[in-house]
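User: I've got this model open and would like to go through a few local features with you. Can we do it as quick questions and answers?

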Amino acid sequence: MEKVTFTERLMEFGLTRQEATIYQCLLGEGKMTGYEVAKQTGISRSNAYNSLASMTEKGATYLVEEGNTRKYVPVPVEEFCKNRIRRMEEARQWLKIHVPSEKTHVEGYITIEGARNILDKMRNLLDKVEQRVYISCTRNYLLLLVRELEELKRAGKKVVIVTDQPVTFSGAKVYVGKSRGMQIGVIADSRYVLTGEYGEGSMNTCLYSGQKNFVELYKTALGNEIKLLTIQEEKNKA
């Protein structure tokens, strides 16, 4: 299981599955020839040599000439990852400057599928909050958003959380209500809504929209729940 996880993580840094397998092998064995890599991994010699050439271009390996023998040395993981992140950041900045102008259009309804994509969308929404955000989800999901919530707190943004278990986020107003299950909801600046199902065993499908009517509808529903929870809090204090 650990090897699979390691391979999957390497693939997020631009390596193919075969390249990630070879890189992991090199990290464990050290300097190797293409023949040795093929023998150790079970990958054909031609594919091994092609992958090693590609990995050298991507900065995952160094080529070492020893007489008539060509050997490959793995670039340390930390160095490889930092280099890839640096290049991606440079590429991001370039794309940001040169992105084609997008035609103005009415914000529609977008279906977002997959746990990773939904979590990325939640985090991106929180990163772009200008004034306030409302979040509705189970306590465990909030723990995935700690960095973003801390940033909002430091920036003095209004954060309102509706969850199902007591939780402490300094600077945020927290309401504890019924079980949220796998349901999540985010309202950003009263302009955008992300709502749907997220979590292990679910279909992991959410709807994202900037349609004013949809935003107001969801905001009203969440607002009514908050009112009921406020009344319940006051009764409990009495």
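Predicted model: local features only at pLDDT ≥ 70, side-chain atom pairs only at ≥ 80, totals over all residues.

User: Let's begin with Leu-145: is it buried or exposed?

Analyst: Leu-145 sits in the loop between helix 7 (139-142) and helix 8 (146-154); helices (H or I, at least four residues) and strands (E, at least two) are DSSP runs, numbered from the N terminus. On relative accessible area, buried means under 20%, exposed over 50%, and partly exposed in between, using a 1.4 Å probe and protein chains only. Leu-145 has 1% relative accessibility, so it counts as buried.

User: Which residues does Leu-145 touch, leaving out those up to four places away in sequence?

Analyst: A contact here means heavy atoms within 4.5 Å. With the sequence neighbours set aside, the partners of Leu-145 are Leu-119, Met-122, Arg-123 and Leu-126.

User: Arg-123 turns up there. Which residue does Arg-123 form a salt bridge with at 3.8 Å?

Analyst: A salt bridge is a side-chain nitrogen of Lys or Arg within 4 Å of a carboxyl oxygen of Asp or Glu, and the whole structure has 15 of them. For Arg-123, the closest N and O atoms are 3.8 Å apart, and the partner is Glu-148. Arg-123 lies in helix 6 and its partner in helix 8, so the pair ties together parts that are 25 residues apart in sequence, and the name you want is Glu-148.

User: How accessible is each of Arg-123 and Glu-148?

Analyst: Arg-123 is partly exposed, with a relative accessible area of 27%. Glu-148, on the other hand, is buried, at 3%.

User: How far apart are the closest N and O atoms in the salt bridge of Arg-147 with Glu-148?

Analyst: Arg-147 counts as partly exposed, at 47% relative accessibility. Its salt bridge with Glu-148 has the closest N and O atoms at 2.7 Å.

User: What separates Lys-153 and Glu-150 along helix 8?

Analyst: These two form a salt bridge, with the closest N and O atoms 3.0 Å apart. Lys-153 is partly exposed at 34%, and Glu-150 is partly exposed at 25%. They are 3 residues apart in helix 8, so what separates them is about one helical turn.

User: Now Asp-164: which side chain of opposite charge is nearest?

Analyst: Asp-164 lies in the loop between strand 6 (158-163) and strand 7 (172-176). For charge, Lys and Arg count as positive and Asp and Glu as negative, with His and the chain ends not counted. Asp-164 is buried yet has no salt bridge; the nearest side chain of opposite charge is 6.0 Å away, and that is Arg-180.

User: Which side chain makes a polar contact with the side chain of Asp-164?

Analyst: A polar contact is a pair of N or O atoms within 3.5 Å; within protein, one must be able to donate a hydrogen and the other to accept it, and residues adjacent in sequence count only if both atoms are side-chain atoms. The backbone nitrogen of Arg-180 lies 3.3 Å from a polar atom of the Asp-164 side chain. The side-chain partner, at 2.9 Å, is Thr-138.

User: Last one: what is the phi of Asp-189?

Analyst: Asp-189 is in the loop between strand 8 (183-188) and strand 9 (192-197), and at 12% relative accessibility it counts as buried. Ser-190, in that loop between strand 8 and strand 9, has a positive phi near 55 degrees. Asp-189 isn't glycine either, yet its phi is positive, near 55 degrees.

Methods:
Residues numbered from 1 in each chain as written. Heavy atoms only, no water.
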